[in-house]
Amino acid sequence: FFEADEQHKRLEAELRTRLEVLETDAAQHQTVVDSLTRKYTDTIEKLQNDKTKLEIKSQTLEREAKDCRLRTEECQQQLKNLQAALGSRLEESLCIINEKVPFNDTRSRRYNALNVPLHNRRYQLKLRDLAGQALAFVQELVTALLNFHTYTEQRVQIFPIDSATDTVSPLNQKFSQYLHENASYVRPLEEGMLHLFESITEDTVTVLETAVKLKAFSEHLASYLGFLRKILPYQLKSLEEECETSLCTAALRARNMELHRDMKRLTAVFEKLHTYVSLLVLPSTKPEGLLRTNYNLVFTNIAASLHGFHDILKDISKHYSQKATLEQDVPTATQKLITTNDCILSSVAALTNGAGKIASFFSNNLDHFTASLSYGPKGGTEFISPLSAECMLQYKKKAVAYMKSLKKPCAASVPYEEALANRRVLLSSTESREGLAQQVQQSLEKIARLEQEKEHWMLEAQLAKIKLEKENQKLKNSLSGHLTETIQEHSVLPNVAEQKKETTEKSLREPIRSTSLTPDVESREDLIKNHYMARIAELTSHLQLADSKSVHFHAECRALAKRLSLAEKSKESLTEELKLASQNISRLQDELMTTKRSYEDQLSMMSDHLCSMNETLTKQREEIDTLKMTSKGNSKKNKNR
């Protein structure tokens, strides 16, 4: 019984341990079952949501497929209609080409260069307006450069050594001599820009191949660049010479070295501008020098160089202003030096303002400059030769004359003698009008030149007035000192003999006479001034009379030369009439060629359009097939789920 009881207890303990293990396993399994249940319920909900979304998407895709089928049917119908219409037009065009067009010159580059381009009147008017604005900016820039070089020359003559009191160094003498020649290098820039502006008219075609006047402007710019290179070493040495003087402080030396660097940068930026402008000249002289695709970069670099020119001038204005402020504190600084520095600062300010205007103008109109570089084919990379461009302009003039002759009705017949008389009257009136216009232009140029000379002489008058005031002040000081000495002698000797009284009275009368010299000097100066002014007015009137006579004589000579040329032209017109038949034949051939080319272009465009439509139809069909495949696959997946 005891052994059975022990065995029962062991069995009970084993069963209890197994029960505990099984209970822990059951609890663990229950937690796993619960987590899996939650996971599967979430998955089922997610799949149900995906199923609803896919059902909605399949419905939308079905609707889109129906729309695509309808659009495909419409496109097929349009394609059939277009094919029928284009086929009929193609047959008609081929018949016209075979009957009317004897040859096609579109494949030859030489023949294409002679084709007259379409006339864009709005573009020409816009370009002429821009050229007028550029001319005004260049004139302002030229005036500022003239003033800057002239005032720099005056400064070299008075600082660091005044030429009125001492001898200027040989370096500054040579520098002043070169600066005196600045007008012969600066003035042609304005003339070159004026000729370029006059060459841009409403009737011509203005592109880089036909802008032949740009070469003259480039040559004038190269001449001015050579002038800057010539004066640069003397300018730098002159600044170094100012730094070596005993009165030059450390701050003034630093400003001089900054100007030393600025002058080098100024010459370098003019070299850049000349390089890019010479590249613009290549299409009208050597069209093979540079490809057409590179000229967008050339215009962009010109705009960047102009902005760099403006920045350099701002630095020069800033550094020169600081230099002038420091030079006012120098003990030996004269009023003439201060006035000259003020004039230089005003000219540099005008130069900076003009450079800023022209830089902004060029940047704002950069797209217009690069819009039409050549009149050749748009897809071409090379320029047309200058000879072909010149021939094209002649053909354009002939075409314009032909169109005008077609538009205007035939006038009534005029007797031969009356026509000759009217022709003489017309020629004389034309010559007189041209002579008057030339006189007006010369008068305007003379007025501008006289205004500049007036400013120059006003500055000289101011300097002379300052000198006169100083001399008068010295004279007054000497006269007042002499008067005080005589009055003191008269007060010290009150009771002297009659002879001493007479001497003192005589000494008193002498300064009075000396004080009365001042109005005599002024009256004498007024007389001299009036005499010279009258002489200048007389010489000016004589000069104007001589100019008017020379202009009148020149107009008469031009009228006679034109009459002679017209007589020669009338003589040659008989020979030209013989060539009209061949020219008419060539013109008709050109017209047939242009019609053939236009029809071929239309046919190529239509074929390209048909190809693009076929490609779009095939793409739409492929998209529909892919949509169908995706919808079928989604439906199969939903069924499997």
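Leaving aside neighbours within four places in sequence, Ser 305 is in contact (heavy atoms within 4.5 Å) with Val 269, Lys 272, Leu 273 and Tyr 276. This serine is found in helix 8, residues 295-328; helices are DSSP runs of H or I with at least four residues, numbered from the N terminus. Ser 305 is buried, with a relative accessible area of 6%, where buried means under 20%, exposed over 50% and partly exposed in between, for a 1.4 Å probe and protein chains only. The model is predicted, so local features need pLDDT of at least 70 and side-chain atom pairs count only at pLDDT 80 or more, while totals for chains, interfaces and linings use all residues. Residues are numbered from 1 along each chain as its sequence is written, and side-chain values use heavy atoms, with hydrogens and water left out.

A salt bridge here is a side-chain nitrogen of Lys or Arg within 4 Å of a carboxyl oxygen of Asp or Glu, and a search of the whole structure finds 15 of them. The side chains of Lys 323 and Glu 242 form one at 2.8 Å, N to O. Lys 323 lies in helix 8 and Glu 242 in helix 6 (residues 214-243), so this pair ties together parts that are 81 residues apart in sequence.

Another salt bridge joins the side chains of Glu 12 and Arg 16 (2.9 Å, N to O). The two are 4 residues apart in helix 1 (residues 2-100), and are therefore separated by about one helical turn. Glu 12 is partly exposed at 32% relative accessible area, whereas Arg 16 is exposed at 51%.

Turning to helix packing, the axes of helix 3 (residues 121-158) and helix 4 (residues 170-179) come within 9 Å and cross at roughly 160 degrees. Axes are lines fitted to C-alpha atoms over the stretch in contact, with angles from 0 to 180 degrees between N-to-C directions. Helix 3 and helix 4 are therefore roughly antiparallel (an angle over 145 degrees) to each other. His 149, Thr 152, Glu 153, Val 156 and Gln 157 in helix 3 meet Asn 172, Phe 175, Ser 176 and Leu 179 in helix 4.

Terms used. Angles under 35 degrees count as roughly parallel, over 145 as roughly antiparallel, 65 to 115 as roughly perpendicular and the rest as oblique.
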